[in-house]
Amino acid sequence: MPPRGADRLMSAIAVTLLKVLFLALLWAFVLSCAGIIKTDLFGRTVPASELPHELEKPRKKKRLQRRKKGQARRLAIIAGEQQGISADLNEVPIRIGRSADAQIILDDDYVSTRHAQVLQDDAGGWYIEDLGSTNGTYVNGQRITMPTTITLADTVRIGRTQLKLEP
């Protein structure tokens, strides 16, 4: 049997080693959390090999076409809380929704963040498409499920808001 003093010494060394190991694991955890917080705040460094080889080319500005008399020039809200707001049709696509990047922002509980958009077709006409909204987009009272041509005579309803093309 080993002497009693050696047992106490071995237990003290084992406890000290466990304390040091626990402290090292605790510091590893703290430094890992600090690294994650730094990455969240400042982003990560991207090596040059991951960067795109070609820079994006700036979009060419569309030449403004002179519209004939009687052609649509803007999309306007004709009924609803925001009546009178309109968007110029020269800035296509015209996105409609609650998002800050929409050209027509509708403050309506029945409108999705990105609800619909109005685009120009090749012939110079206009069409509207629903962007997967929950409550749908209606043209002349009919819910649309695919891009639908709209004219000056058509009424578009999104939520509680009615819109129309105006000359």
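**Reading the model**

Modeller: A search of the whole structure turns up 2 salt bridges. Keep in mind that this is a predicted model.

Colleague: Which residue forms a salt bridge with Glu166, and how far apart are the closest N and O atoms?

Modeller: For a salt bridge, look for a side-chain nitrogen of Lys or Arg within 4 Å of a carboxyl oxygen of Asp or Glu. Here Arg74 is the partner of Glu166, with 2.8 Å between the closest N and O atoms. This pair links distant parts of the chain: Arg74 is in strand 1 (residues 74-79) and Glu166 in strand 11, 92 residues apart. Arg74 counts as partly exposed, because its relative accessibility is 36%.

Colleague: What about the salt bridge between Arg114 and Asp101?

Modeller: Their side chains meet at 2.9 Å, N to O. Arg114 is partly exposed, at 48% relative accessible area. Asp101 is also partly exposed, at 36%.

Colleague: How many helices and strands does the protein chain have, and in what order do they come?

Modeller: The chain has 1 helix and 11 strands. Read along the sequence, the pattern is α-β-β-β-β-β-β-β-β-β-β-β.

Colleague: Why does Thr137 count as buried?

Modeller: The reasoning needs one cut-off: buried means under 20% relative accessible area. Thr137 is at 0% relative accessibility, so Thr137 counts as buried. Its place is in strand 7 (residues 137-139).

Colleague: Is Thr161 buried or exposed?

Modeller: Thr161 counts as buried, because its relative accessibility is 4%. Thr161 is found in strand 11 (residues 161-166). Beyond its neighbours within four places in sequence, Thr161 is in contact with Ile77, Ala79, Leu106, Asp108 and Val156.

Colleague: What share of the protein chain is made up of buried residues?

Modeller: Buried residues make up 24% of the 167 residues. The chain exposes about 13000 Å², and carbon and sulfur atoms supply 57% of that area.

Colleague: Which residues form a nonpolar patch on the surface?

Modeller: The patch is formed by Phe22, Leu23, Leu26, Trp27, Phe29, Val30 and Leu31, which together have about 770 Å² of accessible area. Take Phe22 as an example: Phe22 lies in helix 1 (residues 4-42). Phe22 is exposed, because its relative accessible area is 57%.

Colleague: How many aromatic pairs does a search of the whole structure find?

Modeller: In general, a pair of aromatic rings is described by the distance of the centres and the angle of the planes. In this structure the search finds 0 aromatic pairs.

Colleague: Where does the charged end of Arg157 sit?

Modeller: The charged end of Arg157 sits over the ring of Tyr138, 4.2 Å from the ring's centre.

Note on methods. Residues are numbered from 1 along each chain as its sequence is written. This is a predicted model: local features need pLDDT of at least 70, side-chain atom pairs count only at pLDDT 80 or more; totals for chains, interfaces and linings use all residues. Side-chain values use heavy atoms; hydrogens and water are left out. Rings of Phe, Tyr and Trp (its six-membered ring) pair if their centres lie within 6.5 Å; planes under 30 degrees apart count as stacked, over 60 as edge-to-face and the rest as tilted. A charge sits over a ring if NZ of Lys or CZ of Arg is within 6 Å of the ring centre and within 35 degrees of the ring normal. Helices (H or I, at least four residues) and strands (E, at least two) are DSSP runs, numbered from the N terminus. Buried means under 20% relative accessible area, exposed over 50%, partly exposed in between (1.4 Å probe, protein chains only). Contact means heavy atoms within 4.5 Å. Accessible areas come from the Shrake-Rupley method with a 1.4 Å probe; for residues, only the protein chains shown count as cover. Patches are made of residues with over 30% relative accessible area and no salt bridge: like charges are joined within 9 Å, nonpolar side chains (Val, Leu, Ile, Met, Phe, Trp, Tyr) within 5 Å.
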